[in-house]
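Reader: Hi! I have a new model open and would like to talk it through with you. Could you help me read it?

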Amino acid sequence: MADREKFLSVVCEGIYRGLRRVAPARLKRLLLRTRQAEKAIVALSHKPGAVAKAKRARRQIWRDPQLVVFVSNTPRAREAKVAYGLKSMGWRVVLLHKEQPNFDLFEFFDEIKTYGNEWQALSLAGEYSPLIYHVFSLMADKTAVAFVKHRPGRVIFEGNDITQTLTADLGETPQWQRYCLENADGVSSRDLQLQHVKRKWGYRLPEKLILFAEYCWDAQGGQDSQNARQVERKNGELHVVLCGNFGIERLGGQEWGYLDIAREFSAAGVHFHIYPHWSWYAAPRWRFEEVFCDYLELQRKTGLIHLHPCVRMDQVVNEIRNYDFGINVIRATIYGAGLSNYTSAHHRYCGSGRNMDYLDAGLPVILTKDLAFQYAMLARYGVAIEATPVMLQNARERLQQFLTPEVKQQIRKARTHYSIQCQISRLLRFYQSVANNGGADAG
């Protein structure tokens, strides 16, 4: 195998050098980037101990039919929620991870092991005989590539976002991600981005695919309504809440930032609560105040903007349960501005976990229609409120119409249908289908 890869590497090097002599500048950059990614993938063969262990694990005939091993550099609510669903069906879930999240992993997983790099992860994986290895990645990383290349068993790959729907220069990541998507035994997707790159970029996706969107806890998974935040309010006050990732103007995220929207809400007399993304959980106070200084200044001036500390993943629903509305919008499309951080295709096809947090908390969701996939999921039950300049300028009047028992009933219906308990059987059938399919031989 090593000789074959060395031969292919030499041949590819010759082809690239030849093409680069005659190619225009843009194509040269593309060739160089592709070559760098190819070198990185080939380099993953050079850890014989971990690779040999993965090969031995792959040759095992017996597989535990109710065991899955999750592999994730950065565990998030997605992994915890899927594990919760699997365990509710009698499965055991092992987690191999690199970074420590802001919640208690032992609440959701039967066994947990930490690794420092992709080779330690691959070696740890060889100690198990699961039906499936489910590899999670924010986009694509060396750990994901190592598992797809040196499969210790059947490997399902799942990326949070598809990099080629973004406009940012992400170096080797798009090539790594394409390699994983095209070579894994199966692919799980939380939204419709895969269909876009398949059509536009010609991705050769595996036969085994599943759309497994972000789903609700449905009042489970550590969310305790008895400990919900109590909101102090006067008669007629409305409270809108934002939680999760959003653009921060001080860091160049104006197109999907909320500063202008916060001003609109305060002008309309609506309270606006903000819970920043989990990545800020351990940030030093001085850094938090430096980055969010515009929001803090608006908070001081209006008394209607409330910037809260980042909370643990398993406490988000409790924190927001007694507000009135959740929000998830793209500022640029509301005000007719151009897009630079993300493409319109990304907005159209991407998914979001925060919408499910809002449903779990019993809140209708304010959305921009350019988030088409997300909007369709919520509009199906009548719990999506379209965000427009007119709606924001008349927020109190427009939003008051959604504070009805009928809307609350629709939220309960949506939450039940989109619950992890309702949907998890689909993922189990997918696991079994991939396990019984045979899969491609690893290199």
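Reader: Let's start with the cysteines: how many disulfides does a search of the whole structure find?

Author: The search finds zero disulfides, a disulfide being a pair of cysteine sulfur atoms within 2.5 Å. Bear in mind that this is a predicted model, where local features need pLDDT of at least 70, side-chain atom pairs count only at pLDDT 80 or more, and totals for chains, interfaces and linings use all residues. Residues are numbered from 1 along each chain as its sequence is written, and side-chain values use heavy atoms, with hydrogens and water left out.

Reader: Okay, and is Cys 180 buried or exposed?

Author: Cys 180 is buried, with a relative accessible area of 0%. Buried means under 20% relative accessible area, exposed over 50%, and partly exposed in between (1.4 Å probe, protein chains only). Cys 243 also counts as buried, at 5%.

Reader: Which residues have the most contacts inside the largest nonpolar core?

Author: Those are Phe 70, Phe 265 and Ile 366, in a core of 101 residues. Such a core is a set of buried Ala, Val, Leu, Ile, Met, Phe, Trp, Tyr and Cys residues joined through side-chain atoms within 4.5 Å. Apart from it lies another core of 36 residues, and Cys 180 is among them.

Reader: Switching to charges, how many salt bridges does the structure hold?

Author: It holds 21, counting a side-chain nitrogen of Lys or Arg within 4 Å of a carboxyl oxygen of Asp or Glu. One of them joins Arg 415 and Asp 218 at 3.2 Å, N to O. That pair links distant parts of the chain, 197 residues apart.

Reader: Where do those two stand, buried or exposed?

Author: Arg 415 counts as buried at 16% relative accessibility, while Asp 218 is partly exposed at 22%.

Reader: Which residues are linked in a network of salt bridges?

Author: Arg 78, Glu 158, Arg 190, Asp 191 and Glu 214. Within it, the side chains of Asp 191 and Arg 190 meet at 3.8 Å, N to O, and both residues are buried.

Notes. Helix = DSSP H or I, 4+ residues; strand = E, 2+ residues; numbered from the N terminus.
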